[in-house]
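Have a look at the picture, then read the points in order.

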Amino acid sequence: MIWDATFQLVLLGSLLIGATSGTLGAFAVLRRRSLLGDALAHAALPGVALAFLWTQSKALPVLLLGATVSGVVGVLIIEAIVNYTRIKADAALGIVLSVFFGGGIVLLTHIQQSEVGNQSGLDKFLFGQAASIVRADLYVMCIVSVLVMIAVFLFYKEFKGLIFDAEFLSALGFSQRVVDLLLMGLIVLTVMVGLQAVGVILIAAMLITPAAAARFWTDRLHVMVLVSGILGALCGAMGVGLSALAPRIPTGPVMVLVATAAFLVSVLIAPRRGVLARRMRLRANALRENGQHFLRAYLALQTQDKQKVVLVDLAGELQLPLYRVRRLAKRLARDGWVSLHNGACSLTELGHKEADFVVKSHQLWEYYLVYRSILEEDHVDRPADEVEHILTPEIIEQLETILAEEDIDIVGDIHKAHSGYRRTGKDE
Amino acid sequence: MSEFWGPFWIVLAGALAGASCGLLGAYLVLRKMSLLGDALSHAVLPGIVIAFLLSGSRDVIPMFIGAAICGVIATVLIETFHRRWRVQEDSSIGIAFTALFALGVVLITAFAGQVDLDQECVLYGEIAYTPWDRLFWGEWDLGPRPIWILGTVFALNLAFVLVFYKELLIASFDAEMALSVGVSAALVHYMLMGAVSVTTVAAFESVGAILVVAMLIVPGASAYLWSDRLKVILTLSALMGVISAIAGYFLAGVWNSSIAGAMVVVMGFLFALSLIFAPHYGVLGRFVRQVRLSLKVARDHVLLKLLRERESQRVSALSWGDLVDTAARWVSGIAIRSLMWQGLITRENGHFSLGEQGVIHATRLLRNHRLWESYLNQIGLPPDHVHDPADALEHFTDDRLREEIRAALPNIATDPQGKRIPEG
């Protein structure tokens with residue numbers, strides 16, 4: 001089978017790459033440096049080719065050194081263009097990315113077409129070939145990964161400050177520029193480690209995609225860093241595993257596709273921020289809202305002598321088709337708020353309580369808006385309507401306390417005569 | 001292929017691609033949409049590959065359809081990630097185009113036997129094969145196929161830019177104004193994106209997916225450094241595309257390398273030249289302007305110093321050491337020499353004094369300074385705070401402004417410190 005020593009080596013290498021780029025990607029993405037990683041990686045190509053041309057060596061450390069130098073030069077040029085000319089950041093990024101890459105292509109084809117050497121080892125840097133990882137390469141990767149991880153661990157607080165409150169960071173006495181440079185340096189290292197297996201064109205995705213996926217699972221930075229690192233490692237391993245099935249296919253694109261799949265799954269199923277969770281929350285809200293509207297319509301139609309209300313009347317009041325009102329009534333009956341009697345319904349004890357609460361929250365909110373002079377009396381109904389559904393009993397209680405503390409006494413419906421709030425107590 | 005026609009077709013293909021991309025690229029740069037161009041050119045790859053797989057040929061029509069569909073998918077994905085799923089914008093772009101590009105590469109390698117396409121074509125393009133890739137009408141040989149494709153696209157782009165010149169101009173510079181005169185900025189945006197997609201696909205075969213980005217952005221950005229006028233920017237941008245094609249072809253011969261890559265390197269070189277030598281926005285131009293400005297300030301200060309000295313102590317000459325501004329010795333030295341050369345100041349026995357013309361100049365400056373001090377004082381600045389701002393403003397005050405300030409002040413003879421405001 002494929003579980004031989006070589007494969008284990010390759011697997012370990014891609015695990016490392018994934019974990020490193022995932023971990024650091026979390027910071028890169030939050031600091032909005034993700035596309036800079038892309039530019040950096042493309043800019044590394046001429047460095048690889050030049051290193052080979054000068055040394056005639058295909059040893060990974062040599063090539064990576066060349067890559068690092070030209071990548072850093074590229075990023076410095078971007079900074080200089082943005083700072084000293086009218087060219088904006090996006091164009092500067094695009095220019096450096098494509099021109100450096102063009103230069104890289106010129107050098108690669110030159111090496112390929114002249115007799116200097118066998119270039120077959122270099123083009124793996126374009127799309128990545130994890131299978132070419134040998135033991136010595138693994139050592140290099142290990143060292144760099146461990147360095148990156150240690151740096152992340154040591155400077156976690158500084159990075160956190162940089163991302164969320166750069167001014168606070170400066171106030172604490174750290175130079176924002178130094179921390180930013182440190183982060184950039186780590187991004188450089190990470191990109192370089194991934195070059196061999198993922199390639200210059202797609203390595204940026206290993207920084208961006210796992211981190212963006214992790215963002216859906218949590219709001220806490222350290223959790224996000226962890227999730228992103230683990231996701232990255234899994235993507236790396238799975239990418240290598242999958243591409244081992246079809247050896248012709250370069251590993252980089254496969255890893256990126258696996259990462260994209262992980263991103264899409266996260267988008268779908270992540271709790272709270274995920275699309276499904278959001279949709280369910282919206283649906284629950286809508287149901288609640290409809291139920292509360294139903295109760296208010298019921299109260300409006302109910303009279304002293306007649307406790308039952310016909311569903312057709314409710315449909316008219318709610319301006320909804322009858323079938324939907326019927327469905328709503330059935331659902332409310334299941335919740336124990338109403339009891340159904342053949343095309344009509346009446347509120348149960350529980351239903352009355354809920355209805356009272358709804359009416360009260362509507363009224364309280366109206367009074368609050370008027371009292372605080374936020375809106376005029378004849379303008380408060382609609383906003384109150386929108387907000388009443390999300391008022392929890394705790395908020396209602398607070399509203400009551402606020403109005404009570406200000407010595408406001410509520411009398412009846414704000415829209416009817418002889419009602420309104422009046423001040424009681426000391427002022428008068 | 002003859003000695004002349006082979007290179008001619010290749011250069012023509014490159015020039016057409018460069019000019020087509022350059023025309024649109026100028027707008028991308030102006031509208032800060034360079035990265036969208038980048039993303040789009042990567043993202044159309046799977047569409048092109050699938051079109052190849054399904055049609056089994058290099059027909060243009062399926063290729064355009066496939067690429068167009070992919071382009072739309074990419075745009076929709078980016079919008080969905082960003083607006084609906086609230087992923088940051090840069091990450092959205094990054095995720096969408098890398099995913100689609102990865103898909104394209106996997107498809108190419110997985111079906112390598114069945115498609116007449118390989119990784120190299122994606123990266124370098126096949127511009128070198130232009131002369132041999134013929135278009136036939138029945139039995140008739142109509143010439144190289146890429147020329148026809150790129151020529152058509154160039155004509156379309158040129159027509160697009162000419163016909164919608166005003167709309168593109170307004171929508172690019174002032175979206176609100178566009179709305180008020182009835183130009184839909186959104187429609188212009190989508191038309192531009194459509195044109196970029198078509199151009200990308202047309203250029204793809206010749207120069208590859210990634211180098212298209214360079215053709216789109218680099219000439220546009222270079223031209224943007226030379227001028228503020230859209231017409232000039234467009235012309236320059238297209239022209240630089242053409243120049244790069246010609247120079248790139250010959251350089252590729254010298255370097256024995258990919259032609260498309262060499263074209264991009266030339267573009268980068270042209271950009272670097274623009275960056276340095278562009279008159280107004282170039283680094284050199286800015287430097288010269290800065291030097292001239294500090295020289296002017298230094299000259300003014302020398303003249304003022306001599307005049308003030310003459311006014312207060314009745315000493316009309318100062319030694320070099322007294323005159324030179326120790327904080328900017330170098331500029332100050334040049335300023336003194338240039339003033340001497342123009343005869344505004346004279347030197348006798350190592351001491352400098354104002355010449356006849358120098359007195360006039362210096363008096364005007366002193367008048368500026370003291371008028372400004374009075375004016376600043378009148379609008380509420382305390383007398384001990386007016387000197388520094390007046391010091392900065394005195395250099396940039398011409399005759400008209402000076403008299404306007406004079407008119408805005410009550411009839412006074414002295415500045416807030418009680419010094420006489422000279423006439424002049």
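1. Strands here are DSSP runs of E with at least two residues, helices are runs of H or I with at least four, and both are numbered from the N terminus. Two strands pair if DSSP finds at least two bridges between them. β1(A) and β3 (residues 344-347) of chain A run antiparallel and are joined by two bridges.

2. Before going on, a word on what you're looking at: this is a predicted model, in which local features need pLDDT of at least 70, side-chain atom pairs count only at pLDDT 80 or more, and totals for chains, interfaces and linings use all residues. Residues are numbered from 1 along each chain as its sequence is written, while chains are lettered from A and ligands numbered from 1 in the order in which they are written.

3. Back to that sheet in chain A. It is open, has three strands in the order β1-β3-β2, and its pairing is antiparallel. β1 (309-310) and β2 (338-341) of chain A each have a single partner strand and stand at the edges, so one side of each lacks a neighbour in the sheet. As background, strands of a sheet pair through backbone hydrogen bonds, either parallel or antiparallel.

4. What do β2(A) and β3(A) form, with two residues between them? They form a hairpin, and A:Asn342 in the turn has a positive phi of about 55°. Four bridges hold the antiparallel pairing of β2(A) and β3(A), and A:Leu340 has A:Cys345 in β3(A) as its bridge partner.

5. Chain B has an open sheet of three strands too, in the order β3-β5-β4 and with antiparallel pairing. Its edge strands are β3 (318-319) and β4 (345-348) of chain B, each pairing on one side only. β4(B) runs antiparallel to β5 (residues 351-354) of chain B, and four bridges join them. If you want a pair to click on, B:Thr346 has B:Ser353 in β5(B) as its bridge partner.

6. Now the helices of chain A. The axes of α1 (residues 5-30) and α9 (residues 176-198) of chain A come within 9 Å and cross at roughly 150°; axes are lines fitted to C-alpha atoms, for helices over the stretch in contact, and angles run from 0 to 180 degrees between N-to-C directions. That makes α1(A) roughly antiparallel to α9(A) (angles over 145 degrees count as roughly antiparallel, under 35 as roughly parallel, 65 to 115 as roughly perpendicular and the rest as oblique). The crossing of α1(A) and α9(A) is left-handed, a term for the near helix being turned anticlockwise from the far one by less than a right angle; clockwise would be right-handed.

7. Who makes that contact? Among the residues are A:Ile17, A:Leu24 and A:Phe27 of α1(A), and A:Leu183, A:Ile187 and A:Val193 of α9(A). Residues are in contact if their C-beta atoms, placed from the backbone, lie within 7 Å. The contact of α1(A) with α9(A) has ten nonpolar, six polar and no charged residues. (Ala, Val, Leu, Ile, Met, Phe, Trp, Tyr, Cys and Pro count as nonpolar, Asp, Glu, Lys and Arg as charged, and the others, Gly among them, as polar.)

8. The crossing of α3(B) and α5(B) is left-handed. Residues meeting here include B:Leu45, B:Pro46 and B:Val49 in α3(B), and B:Phe101 and B:Leu107 in α5(B). By class, the contact of α3(B) with α5(B) has nine nonpolar, one polar and no charged residues.

9. How do the two chains meet? 48 residues of chain A are in contact with 49 residues of chain B. α4(A) gives the largest share of the side of chain A that touches chain B, 16 residues. That side of chain A has 30 nonpolar, twelve polar and six charged residues.

10. Finally, overall shape. Chain A has 18 helices and five strands, and its C-alpha trace spans about 105 × 55 × 35 Å along its principal axes. Chain B has 19 helices and five strands. The radius of gyration of chain B is 32 Å, well over the 22 Å that the globule rule gives for 424 residues, so chain B is more spread out than a compact globule. (That radius is taken over C-alpha atoms, and the rule is 2.2 Å times the number of residues to the power 0.38.)

Methods. Two residues are in contact if their C-beta atoms, placed from the backbone, lie within 7 Å.
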